[in-house]
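Have a look at the fold first, then read on.

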Amino acid sequence: MKNLLITTLLLLSSNCFADQPHAWQMMFQTPASPLMEELDKFHDFLLIISGMIVFTVAALLAYVCIRFNAKANPIPATFSHNLLIEIIWTIIPIIILIIIAVPSFRILRFAEKIPPSEMTIKVVGYQWYWHYIYPDHNNIEFDSYMITDANLKAGQMRLLEVDNRLVIPENTTVKFLITAADVIHSFAIPALGIKMDAVPGRINETWTRIAKQGVYYGQCSELCGVNHGFMPIAIEVVSKEEFEKWQVTAKAKFSMNLHRRKVANALVAF
């Protein structure tokens, strides 16, 4: 009875909605944003079309092998062209491409057209960590480094957990301004359907809206140097009340770190 109660509480807890990579995982992570839900549906749609194409081609190959082998057809045909077949195998692929193109253009427009945002977060990629800035919330800014194996605690994800998570409130449309300070990086969170390049001297935009609380993990998906595999992303989604409390403590916590960083940079420049 006790074990059943614990299991029920775990299933009902907010963090159980978050997703992360699993061993031997083959399919996508559970969609956690409107964009990823659309991408997941589009993937399933393409999988059906691909399966039908494979089945049709395999059936045609089997028919040709049986119907036109040397034993069943000892005298081969002498013609070299069939106008009807050539028209069919030209038109059918065009129709298939149109069927694929229409929903893909719709999803592309959905991803590129950013709805009115409730908050903005600037993401800057460095070798090899992420820097986050909250322009709408007293310009809170901080670095986010991967937690090394030596400092990893029980229950934390190896190569994915960070010292300072990116915190956003649930049910809030968030716009990300993404850039880099040195080389090209890529800000990618699979469960949110986000994969946007961070390019020095350029600002790319994307957005998300997450209804489920929890922690969502991602990584830099651009080969950015020797430590490319060690700059993960951890986004923690909390309630709006918890976010208000977090920003108060975060401002006090990170303002001192920012001051120390500016002093250190000044000393290096000197």
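Predicted model: local features only at pLDDT ≥ 70, side-chain atom pairs only at ≥ 80, totals over all residues.

1. Now try it on helix H3, residues 83-112, which has 30 residues.

2. While you're at H3, check how the helix begins. Which residue caps the N-terminal end of H3? That's Asn82, with a side-chain oxygen 3.2 Å from the backbone nitrogen of Leu84.

3. Now zoom out for the overall layout. The protein has four helices and 10 strands. Reading from the N terminus, the order is α-α-α-β-β-β-β-β-β-β-β-β-β-α. Of the 270 residues, 32% count as buried. If you take contacts with a separation of 6 or more, 65% of them are between residues 24 or more positions apart.

4. Next, the sheet. Five strands form an open sheet with mixed pairing, in the order S4-S10-S9-S6-S7. S4 and S7 (194-198) stand at the edges with a single partner strand each, so one side of each has no neighbour in the sheet. On average, neighbouring strands here are turned by 25 degrees against each other, direction ignored.

5. Walk across that sheet pair by pair. S4 (residues 166-169) pairs with S10 in the parallel sense over four bridges, and Ile168 has Val237 in S10 as its bridge partner. S9 (residues 214-220) and S10 run antiparallel and are joined by six bridges; here Gly218 stands opposite Ile233 in S10. S6 (residues 185-189) and S9 are antiparallel too, with two bridges, and Ala188 is the bridge partner of Gln219 in S9.

6. Is S10 mostly buried or exposed? Six of the seven residues in this strand, which covers residues 232-238, are buried, so S10 is largely enclosed by the rest of the structure.

7. Ile210 deserves a click of its own. You'll find Ile210 in the loop between S8 (204-208) and S9. With a relative accessible area of 1%, Ile210 is buried, because anything under 20% counts as buried.

8. Last, the cysteines. How many disulfides are there? The count comes to zero, taking a disulfide as a pair of cysteine sulfur atoms within 2.5 Å. Cys220 is in no disulfide: the nearest cysteine sulfur, that of Cys224, is 3.8 Å away. At 5% relative accessibility, Cys220 counts as buried, whereas Cys65 is exposed, with a relative accessible area of 53%.

Methods
Residues numbered from 1 in each chain as written. Heavy atoms only, no water. Buried < 20%, exposed > 50% of the residue type's maximum accessible area, 1.4 Å probe, protein only. Pairing = 2+ DSSP bridges. Axes fitted to C-alpha atoms, helices over the stretch in contact; angles between N-to-C directions. Expected span 1.5 Å × (residues − 1). Polar contact = N/O pair within 3.5 Å; in protein donor to acceptor, adjacent residues only side chain to side chain. Contact = heavy atoms within 4.5 Å.
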